[in-house]
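Please read these notes with the model open beside you. They are meant for a first pass through the fold.

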Amino acid sequence: MTYNLQLTKSFSLKEMMEGTALPREAIVMNYQDFEEWMAEELKQTAIILQIMRDATEEKFGDRFRGFVVTAGLRVLRWEKAQGRSGNGQHPKATAADIQPICEDEDYMEIFNWIFRTFHKNFEGGFAKKEPNLAKGKKGFIHVDNRGKKARWNY
């Protein structure tokens, strides 16, 4: 398996496995425990992210430069090592946490537009960790393709 596989025009398998917020140990486990079926699940998640990215780019133009995937795959072994149940969507390769890439002065407007635009009708899990830019916390939006609506805040 080539991990440089492009899942959509903007998202690769590698970035879905190496989220920017994942510690090195988690990334190593993702590669060690990777199974072929995970690539297809991650592709389905990337397709959803691509739709969101394209709509956000259409709305904000050059003010928006894409998404950072902070966490995509988090394998079961990692989740268990963190004391989590392992029943979430990340170990099923069906979830990603994202942040918009933009200037700080545009961040809250774009972050909130993404959340408001997609959370109501999206058929999957959709949640947010509220940003606090004054404390250097950009928060994130969680998106998953569980096949039914689920909403929460962190």
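This is a predicted model: local features need pLDDT of at least 70, side-chain atom pairs count only at pLDDT 80 or more; totals for chains, interfaces and linings use all residues.

1. On overall dimensions, the C-alpha trace spans about 40 × 30 × 30 Å along the principal axes of the protein. The radius of gyration is 15 Å, which agrees with a compact globule, because a globule of 154 residues would have a value near 15 Å.

2. In what order do the strands lie in the sheet? The order is β1-β2-β4-β3-β5, in an open sheet with mixed pairing. The edges are taken by β1 (64–71) and β5 (150–153). Each of these two has a single partner strand, so one side of each has no neighbour in the sheet. On average, neighbouring strands are turned by 25° against each other, with direction ignored.

3. As background, strands of a sheet pair through backbone hydrogen bonds, and the pairing is either parallel or antiparallel. In this model, β1 and β2 (residues 95–102) run antiparallel and are joined by five bridges. To find the pair on screen, look for Ala71, which stands opposite Asp97 in β2.

4. Which strands does helix α3 lie across? Helix α3 covers residues 36–60 and lies across β1, β2, β3 (125–129) and β4 (140–144). Its direction is at about 150° to β1.

5. Helix α3 also packs against helix α5 (residues 104–119), at an angle of about 125° and with the two axes 11 Å apart. The angle is why α3 counts as oblique to α5. Their crossing is right-handed.

6. Which residues make the contact between these two helices? From α3 come Met52, Ala55, Thr56, Lys59 and Phe60. From α5 come Glu109, Ile110, Trp113, Ile114 and Phe118. Sorted by type, the residues of this contact are seven nonpolar, one polar and two charged.

Key
Residues are numbered from 1 along each chain as its sequence is written. Side-chain values use heavy atoms; hydrogens and water are left out. Two strands pair if DSSP finds at least two bridges between them. Helices (H or I, at least four residues) and strands (E, at least two) are DSSP runs, numbered from the N terminus. Axes are lines fitted to C-alpha atoms, for helices over the stretch in contact, and angles run from 0 to 180 degrees between N-to-C directions. Contact means heavy atoms within 4.5 Å. Angles under 35 degrees count as roughly parallel, over 145 as roughly antiparallel, 65 to 115 as roughly perpendicular and the rest as oblique. A crossing is left-handed if the near helix is turned anticlockwise from the far one by less than a right angle, and right-handed if clockwise. Ala, Val, Leu, Ile, Met, Phe, Trp, Tyr, Cys and Pro count as nonpolar, Asp, Glu, Lys and Arg as charged, and the others, Gly among them, as polar. The radius of gyration is taken over C-alpha atoms; the globule rule is 2.2 Å times the number of residues to the power 0.38.
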